[in-house]
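Have the sequence and the 3D view open as you read.

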Amino acid sequence: MSPEGTLLFGSLVMSFVALVGGITLVLPAWRLQLLLTPLVSLAAGSLLGGALFHMLPEGYRALDPLRSGEWIAAGFTAFLALEQFLHWHHSHRHQSQLRLGEEDRWVREPIALLILMGDGLHNFIGGLGIASTYLINPPAGIAAWMAAIAHEIPQELGDFGVLMHSGWRPRKALFWNLVSAFTFPLGASLALWLHEQISLAPLVLFAAGNFIYIAASDLVPEIKNQAEPGLALPGFACFAGGMALMMLIAIMA
């Protein structure tokens, strides 16, 4: 398959992961929570591993350390600004865990729209960065794609719960979640076009900063909040496993 075909296929798979939220309609909340804890931990380890073992090395090969640091910091800061000023954050909680009262019903629709806007921007940046990584080094790009998939599954489960709790019907929530996910192929297409125009290394480092921020700010705190030993140990094992998998792929590539 050509690089263009591979990018298109991978982008479409990433987009349709948005439909995984529908599983919340058939699983009881307690069983879903048991699944979310290891999934979030695996996502945190995979995102950090993808950034540290794949994306950063590719960027450092093309840029000097200072310039590399600038782009990593920009990617990290961009996602901090997204959360700080748009009041959007990655949700990995099922709708039954949300505690909005009746008096807060008026804020639910704006929250749902912010989730979709944030996801759309997040997916666009992800498509741009992961496709750029793939175009520079295909094995590194595939590893980054795998890390992003690991993150998208628990995120989409949580976001679907938020949309449902905002009063949206399941079909509407799934549809608009899918629409926001299709910004990923748009980002990948832009990377493909830019590939012949400019060096993609800065975009790879920018995306690495995104990965590091999401893992360190959104996911690792959720792992640390698991006080029960029965959940803490499996969570840590999944985190370490995600890191180890990314390192193993880097060694074998």
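Which residues form a nonpolar patch on the surface?

## A nonpolar patch

Please keep in mind that this is a predicted model. The patch is formed by L8, L12, F16 and L19, and together these residues have about 340 Å² of accessible area.

L12 counts as partly exposed because its relative accessibility is 32%, and partly exposed is the class between buried, under 20%, and exposed, over 50%.

## The largest cavity

Now for the inside. Searching the whole structure turns up two cavities of 30 Å³ or more. The largest cavity has a volume of about 80 Å³. Its lining is made up of M14, L47, H122, N123, G126, I130, A148, H151, E152, F184, F211 and I214. Two or more of these lining residues come from each of helix 4 (108-136), helix 5 (138-165) and helix 8 (201-224).

Helix 4 gives the largest share of this lining, with four residues. By class, the lining of the largest cavity holds seven nonpolar residues, four polar ones and one charged.

## The second largest cavity

The second largest cavity holds about 30 Å³ of space. Around this cavity you will find F79, H122, I125, G126, A207, N210 and F211.

Helix 4 and helix 8 each supply at least two residues here. The lining of the second largest cavity has four nonpolar and three polar residues, with no charged ones.

## The second largest pocket

What is the volume of the second largest pocket? The value is about 190 Å³. This pocket is lined by 14 residues, and those closest to its centre are T6, G10, Y134, I142 and W145.

Several helices take part in this lining: helix 1, helix 4, helix 5 and helix 7 (183-194) each supply at least two residues. Sorted by class, the lining of the second largest pocket has nine nonpolar residues, five polar ones and no charged ones.

Methods. Residues are numbered from 1 along each chain as its sequence is written. This is a predicted model: local features need pLDDT of at least 70, side-chain atom pairs count only at pLDDT 80 or more; totals for chains, interfaces and linings use all residues. Side-chain values use heavy atoms; hydrogens and water are left out. Patches are made of residues with over 30% relative accessible area and no salt bridge: like charges are joined within 9 Å, nonpolar side chains (Val, Leu, Ile, Met, Phe, Trp, Tyr) within 5 Å. Accessible areas come from the Shrake-Rupley method with a 1.4 Å probe; for residues, only the protein chains shown count as cover. A salt bridge is a side-chain nitrogen of Lys or Arg within 4 Å of a carboxyl oxygen of Asp or Glu. Buried means under 20% relative accessible area, exposed over 50%, partly exposed in between (1.4 Å probe, protein chains only). On a 1 Å grid over the protein atoms alone, a cavity is a set of points where a 1.4 Å probe fits but cannot get out, and a pocket is an open set with protein on both sides within 12 Å along at least five of seven lines; lining residues have an atom within 4 Å of a point. Grid points are joined across faces, edges and corners, and a volume is the space filled by probe spheres set on the points. Ala, Val, Leu, Ile, Met, Phe, Trp, Tyr, Cys and Pro count as nonpolar, Asp, Glu, Lys and Arg as charged, and the others, Gly among them, as polar.
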